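Please consult the sequence and coordinates shown here while reading.

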Amino acid sequence: MAFEPVLTKNIHKPGSETLEVYLQGGGYGSLRKALTSMTPEAVMDEVKKSGLRGRGGAGFPAGMKWSFMPKDSAKPKYLICNADESEPGTFKDRVLMEKDPHLVLEGCLISCYAMGAARCFIYIRGEYVHSANILRRAIAEACAKGYAGKNILGSGWDCELTLHVGAGAYICGEETALMESIEGKRGYPRLKPPFPASYGVFGCPTTINNVETLANVPFIVERGAAWFASIGREKNTGPKLYSVSGHVKRPGVYETAIGIPWEELLNEYCQGMRDPNRPLKAVIPGGSSVPVMRAEEMAGVLMDYDGLAERKTMLGSAGVIVMDSSVCMVKAIHNLTCFYHHESCGQCTPCREGCGWMEKTLHRILAGGGVPSDPDVLYDVASNITGNTICPLGDAAAWPVQSFVTKFRAEFDHHIAHKACDVL
Amino acid sequence: MKLTINGRELEVEPGTTVIRAAEKAGIFVPHYCYHAGLSIAGNCRMCLVEIEKMPKLAIACSTVAAEGMVVRTDSPKVKEAQDAILEFLLINHPLDCPICDQAGECRLQEFAFQFGPARSRFLEEKNHGPKSVDLGRHIVFDSERCILCSRCVRFCQEVSKTGELVISHRGDHATIETYPGMRLDNPYSGNTADICPVGALTLKEFRFQQRVWFLKDTPSVCAGCARGCNVLSGISKGRILRLTPRENQDVNRWWMCDEGRLSYTKLYGPSRIRWARVEGLTGAGAAGSLPTASEEGPVLPKMNEGVPPAPHPIGAMRPGETVMAAGLEAAAKALEAARTAGRVEFVFSPRATNEDIYALGKLAKELFGADRAALPSFERGEDDFLLIRKDKSPNRAGALAILGGLGLAVETGAELAGRIASGAVKAVVALGPNLMGLETADQAEFFEPLAVAAQAAGIPLVAIDAFESPLTARARIVLPALTYGELEGTFTNFEGRVQRVRSGVAPGADGLPVYRIAQELARRLGQPPARTGAQETFSALAAEVPAFGGLTYAKLGGKGAVIA
């Protein structure tokens with residue numbers, strides 16, 4: 001518990017969402033530093049050296065992603081800040097947007113400077129009305145005071161910030177569906193290639209980063225890549241927000257050094273399980289789409305990209321869903337599958353048809369109509385989705401089913417054999 | 001650039017997609033959403049193939065071939081994916097094949113048979129959705145059959161550029177709809193039914209008419225306008241039941257307009273001229289009675305089996321003589337008399353075949369010394385950006401080339417009417433406006449004054465047509481011509497492309513093709529008998545008219561050839 005907060009250092013200050021309070025804490029100092037004393041290449045270099053990896057889910061090195069942007073482009077270049085935060089179990093970006101919106105904006109602006117982007121679109125999910133209002137006010141304030149818009153801080157450099165509110169579709173968190181949505185089209189993921197760096201929003205070179213990823217950038221500029229890389233371990237660096245939900249005593253958003261041991265996150269930050277008589281049963285460590293873990297599989301795991309990958313799951317969005325022994329895993333996966341069925345965009349065959357099939361089968365099992373072949377068929381249907389879809393959300397819908405069926409097979413079999421749950 | 005597909009090394013142009021490369025090599029990769037005439041959607045996932053060094057299967061439709069790429073379209077992994085996709089596509093598909101119009105030409109049926117698993121593991125209730133949705137003038141939509149390949153949506157965006165269709169809702173409840181307040185009423189809407197790989201979009205005019213495997217598809221060209229879209233004529237029950245576009249990149253690509261597509265429907269109306277008739281001759285076959293094979297009356301022609309007999313207007317025929325022969329005889333007599341008294345003039349038609357124009361032109365020139373030819377035009381609307389031409393004649397270019405080649409100067413109907421009024425003309429032979437069963441608003445403008453002038457001058461007007469018109473209403477002698485679907489010949493489209501129009505339907509009248517009528521008249525007027533088919537007539541045309549020099553039916557092939 002010795003970690004000195006970085007990303008969340010301002011959030012408890014009264015009025016933390018205002019420009020005034022942000023400036024009092026040294027806000028926009030990094031932007032000024034970058035604009036006055038660093039070349040765009042130097043900023044990009046610093047981010048590369050920091051080892052910052054994407055906080056949205058895939059964990060791709062941010063600096064490397066930026067370097068895919070063409071140096072010379074006849075078309076304008078864009079940055080998109082992905083504030084769609086729709087992954088079940090994930091609510092970390094919201095804290096940054098509501099409590100420290102100028103940090104997010106400063107991160108967007110510095111990143112635009114590094115990539116030569118003329119505009120940053122901030123795409124926020126429609127349900128985040130409060131966050132959107134705060135961001136909108138923050139953008140207006142920043143523009144009025146010369147931190148965004150034309151001739152930023154007298155440097156002669158222009159950069160516009162555009163808030164785009166989505167209509168509440170999970171699929172619009174997928175980077176290319178998000179771009180379609182910004183363009184005013186139906187949120188359908190695009191075929192790749194071409195990749196966003198060459199053909200992104202409005203057909204222009206585009207980089208898209210998660211809110212938390214961009215919020216790290218001002219600190220990297222301020223304190224240097226070496227400082228950032230000193231947090232965590234090799235290839236897993238920097239501060240990290242974990243949103244913990246479920247059967248813990250204190251659910252919430254916690255900032256720690258990335259790679260905190262699971263037990264420390266659970267027992268020290270979240271103060272352990274909610275009910276001492278109901279021990280830990282399962283954890284979904286990175287938002288609902290990543291493979292579920294049995295309690296014993298979590299033992300000693302480091303909560304970072306590589307630590308969780310070693311255990312055949314993912315850090316994902318670090319939305320940690322904790323389940324105790326009261327949870328029926330068939331009901332739990334039915335719940336998740338309802339979500340994926342509801343949210344499948346329907347563009348490509350496997351996810352469109354497979355999600356509905358899995359939901360119907362799980363519903364039938366819960367209604368007492370299961371047959372012994374159901375778990376195998378469920379696993380097969382999920383396997384037939386994975387790898388065969390246009391976007392990664394097919395995998396996102398299938399992995400939970402695969403992992404639940406595999407790791408909690410007995411519960412499925414029990415439901416089918418006894419037409420009832422063995423969990424009370 | 002070289003790549004290997006299923007062990008075969010292929011050379012392709014840079015930028016070629018894997019599906020096209022495979023197609024070139026004769027390797028079929030199953031697909032639903034891919035259509036060569038539309039943008040790449042990549043949504044059906046049916047064309048997944050295995051490519052060495054790629055971690056996942058890739059869709060062949062959007063993957064661009066790279067140097068040294070090694071592709072397998074038949075590996076166990078590919079087979080597994082094909083099974084999976086077909087199983088997915090079928091879980092919510094109604095399997096109402098016995099009453100589905102698409103059955104027999106359904107990609108879902110075909111691929112399930114060829115590539116799919118033999119059984120489904122789906123135990124749940126299928127999704128249900130709207131059936132028989134009236135999308136527009138010609139198209140009905142069944143949402144349950146739809147596999148959301150988006151071909152129709154892309155067609156309306158990219159080809160017809162009208163954009164009426166949209167995918168609404170999400171996931172397995174997604175469906176095709178028109179935008180609020182819009183109907184699928186663009187001039188090319190029928191193509192959406194053609195490109196629909198399943199029975200989701202069907203053409204109202206063909207729905208429930210015939211199982212497609214009973215259709216005999218005859219390659220032909222549309223006669224509806226000067227474009228000459230290549231078509232397949234679907235024939236059954238003794239008539240054309242549908243026209244569908246046949247790919248020809250030089251003419252119509254993959255498409256045709258709705259008006260052309262439905263032009264065949266006008267062929268089976270009541271206005272068909274079934275028998276020859278001669279004014280003033282009424283006898284045993286007068287209205288209400290049928291021609292019979294006896295000393296007293298004319299012969300019922302055998303070629304008309306299956307055609308409802310119409311009242312017969314010609315009496316006083318010799319025993320054994322057909323109605324058509326009697327009509328030809330009467331026409332020849334009238335023309336013989338007129339020839340000795342003065343000039344006989346001819347009206348040609350841009351709706352007649354090249355063979356027809358040529359044979360009639362030869363008759364006019366050689367037996368009547370004609371040096372002029374009246375030629376109407378049938379125009380309506382405007383040329384559009386895609387296929388539709390305002391010239392609603394399939395062969396104006398051919399008519400002009402041939403008449404010019406024969407030295408006949410084209411004149412207008414008014415000019416001819418003026419000369420008739422002046423008394424110099426002693427008879428007129430006129431091809432009518434309705435040889436192909438098509439109608440245009442301006443047909444009366446040309447023919448009515450001509451017919452009135454002939455009547456006023458008291459000269460014989462010999463009309464040759466397939467359907468009644470203002471011309472045939474006033475003609476002294478009417479000779480029935482065969483019409484679209486019944487005749488062989490060629491049309492020359494507005495770009496000079498000569499294409500074959502083919503027969504597949506038994507004649508619906510006691511008539512002859514125009515070129516045969518011309519030959520029969522020539523014989524009766526003293527020329528040596530020349531009973532040649534369309535092909536020989538075309539060869540004679542090619543030998544005489546330089547623009548057609550060197551062309552034969554064999555050289556025209558399925559895609560036609562351009563005249564000089």
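## Interface between chains A and B

Across the interface of chain A and chain B, the rule finds 3 salt bridges. The model is a predicted one. B:R170 pairs with A:E343 in a salt bridge whose closest N and O atoms are 3.2 Å apart. Polar contacts between chain A and chain B number 18 residue pairs, with both residues at pLDDT 80 or more. On the side of chain A that touches chain B, α13, α14 and α15 (374-385) of chain A each supply at least two residues. The most comes from α14(A), with 10 residues. By residue class, that side of chain A comprises 12 nonpolar, 14 polar and 8 charged residues.

In terms of contacts, 34 residues of chain A meet 36 residues of chain B. The area buried between the two chains is about 2700 Å², and carbon and sulfur atoms give 52% of this area. Within chain A, the residues that lose the most area to chain B are A:R352, A:W357 and A:K360, which together account for 24% of what that side buries.

Rolling a probe the size of a water molecule over the atoms shows where empty space is left. The structure contains 6 cavities of 30 Å³ or more. The largest cavity holds about 140 Å³ of space. Its lining consists of 18 residues, and A:I171, A:C345, A:C351, A:C391 and A:L393 are the closest to its centre.

The elements of chain A that give two or more residues to this lining are α13 (329-343), α14 (349-366) and α16 (393-407). Which element gives the most to the lining of the largest cavity? That element is α16(A), with 3 residues. The lining of the largest cavity divides into 11 nonpolar, 5 polar and 2 charged residues.

In chain B, α1 (18-24), α3 (107-114), α5 (190-195), β10 (201-203) and β13 (239-245) each supply at least two residues of the lining.

The helix α5(B) gives the most to the lining of the second largest pocket, with 5 residues. The pocket lining is made up of 18 nonpolar, 8 polar and 15 charged residues.

## Backbone features of chain A

Most residues other than glycine have a negative phi, and most peptide bonds are trans.

A:K312 is a residue other than glycine with a positive phi, near 65°. The position of A:K312 is in the loop between α12 (305-310) and β11 (319-324) of chain A.

Note on methods:
Residues are numbered from 1 along each chain as its sequence is written. Chains are lettered from A and ligands numbered from 1 in the order in which they are written. This is a predicted model: local features need pLDDT of at least 70, side-chain atom pairs count only at pLDDT 80 or more; totals for chains, interfaces and linings use all residues. Side-chain values use heavy atoms; hydrogens and water are left out. On a 1 Å grid over the protein atoms alone, a cavity is a set of points where a 1.4 Å probe fits but cannot get out, and a pocket is an open set with protein on both sides within 12 Å along at least five of seven lines; lining residues have an atom within 4 Å of a point. Grid points are joined across faces, edges and corners, and a volume is the space filled by probe spheres set on the points. Helices (H or I, at least four residues) and strands (E, at least two) are DSSP runs, numbered from the N terminus. Ala, Val, Leu, Ile, Met, Phe, Trp, Tyr, Cys and Pro count as nonpolar, Asp, Glu, Lys and Arg as charged, and the others, Gly among them, as polar. Contact means heavy atoms within 4.5 Å. Buried area is the accessible area (1.4 Å probe) that two parts lose on being put together, summed over both. A salt bridge is a side-chain nitrogen of Lys or Arg within 4 Å of a carboxyl oxygen of Asp or Glu. A polar contact is a pair of N or O atoms within 3.5 Å; within protein, one must be able to donate a hydrogen and the other to accept it, and residues adjacent in sequence count only if both atoms are side-chain atoms.
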